[in-house]
Amino acid sequence: MLTPVVDDDGAPFWEYAAKGELRIQACADCGELRFPPRPCCPHCRSFATEWRQVAGRGRIWSYVLPHPPLLPDYAEQAPYNVVLVELTDAPCIRLVGNLVTEPGARLDSVPVGRLRIGARVQVVFTAAGLPQWVLERP
């Protein structure tokens, strides 16, 4: 599996994820959330930052099913999904991930027919700290 390339601005995101926490960078001056992480607030130009924990709930805003050619590590799991999730408590923030049946499950663990725009999801984390998404239970 691919692992994220961690830079200075995004390192706290991955450190919190490794602890099972979904946190989003916020401006410590104006309070606006921003993702992806970056050094300067696009709203007020401040360099002051903090990391706010969010509930980790959202809805599938969009999704794709990658087609070949695929990287060898992923080809055996095709067809699989890549979802774009809009966070419930931060609607301007959308995170990319995979919809799976449980943390660490194969990327093809959810049948393609179960994917729906607007489906409610909850973040889960793999043992390595990668965020994934599962369908919320009614």
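A residue is called buried when its relative accessible area is under 20%, exposed when that area is over 50%, and partly exposed in between, using a 1.4 Å probe and protein chains only. Glutamate 136, with a relative accessible area of 30%, is therefore partly exposed. The structure is a predicted model, in which local features need pLDDT of at least 70 and side-chain atom pairs count only at pLDDT 80 or more, while totals for chains, interfaces and linings use all residues. Residues are numbered from 1 along each chain as its sequence is written, and side-chain values use heavy atoms, with hydrogens and water left out.

The protein chain has two helices and eight strands. Helices (H or I, at least four residues) and strands (E, at least two) are DSSP runs, numbered from the N terminus. Read from the N terminus, the order of elements is α-β-β-β-β-α-β-β-β-β. The radius of gyration, taken over C-alpha atoms, can be set against the globule rule, which is 2.2 Å times the number of residues to the power 0.38. For this protein chain the radius is 16 Å, close to the 14 Å that the rule gives for 138 residues, so the chain is as compact as a globular protein of that length. Its C-alpha atoms fill a box of roughly 45 × 35 × 25 Å along the principal axes. Of the 138 residues, 38% are buried. A contact means heavy atoms within 4.5 Å. Among contacts with a separation of 6 or more, 53% are between residues 24 or more positions apart.

The next topic is the sheet. Strands of a sheet pair through backbone hydrogen bonds, either parallel or antiparallel. Here two strands count as paired if DSSP finds at least two bridges between them. Five strands form an open sheet in the order E6-E5-E4-E7-E8, with antiparallel pairing. E6 and E8 stand at the edges with a single partner strand each, so one side of each has no neighbour in the sheet. From one strand to the next, the twist averages 45 degrees; axes are lines fitted to C-alpha atoms, for helices over the stretch in contact, and angles run from 0 to 180 degrees between N-to-C directions.

Strand E4 (residues 57-64) is joined to E5 by six bridges, and the two run antiparallel. In this pairing, tyrosine 63 has valine 83 of E5 as its bridge partner. E5 and E6 are also antiparallel, with five bridges, and a hairpin of two residues connects them. Leucine 84 is bridged to valine 96 in E6, and glutamate 86 to arginine 94, also in E6.

In soluble globular proteins, nonpolar side chains tend to be buried together. A nonpolar core is a set of buried Ala, Val, Leu, Ile, Met, Phe, Trp, Tyr and Cys residues joined through side-chain atoms within 4.5 Å. The largest one here has 22 residues, and those touching the most other members are Leu22, Val83, Leu87, Leu95, Leu99, Val121 and Trp133. Helix H1 (11-18), E5, strand E6 (90-97), strand E7 (120-125) and strand E8 (131-135) each supply at least two residues of this core. A salt bridge is a side-chain nitrogen of Lys or Arg within 4 Å of a carboxyl oxygen of Asp or Glu, and the structure holds seven of them. One joins glutamate 136 to arginine 57, at 3.1 Å from N to O. Glutamate 136 lies in the segment after E8 and arginine 57 in strand E4, so this pair ties together parts that are 79 residues apart in sequence. Arginine 57 is partly exposed, at a relative accessible area of 42%. Glutamate 21 pairs with arginine 23, their closest N and O atoms being 2.7 Å apart; arginine 23 is buried, at 18%. Arg59, Glu86 and Arg94 are linked in a network of salt bridges.

Some backbone details remain. A cis peptide bond with omega of about 5 degrees joins phenylalanine 35 and proline 36, and proline 36 lies in the loop between strand E2 (33-34) and strand E3 (49-53). The bond from alanine 78 to proline 79 is cis too, with omega near 0 degrees. Proline 79 is in the loop between helix H2 (72-75) and strand E5 (82-87). Arginine 45, in the loop between E2 and E3, has a positive phi near 70 degrees although the residue is not glycine. Arginine 45 is exposed, with a relative accessible area of 56%.
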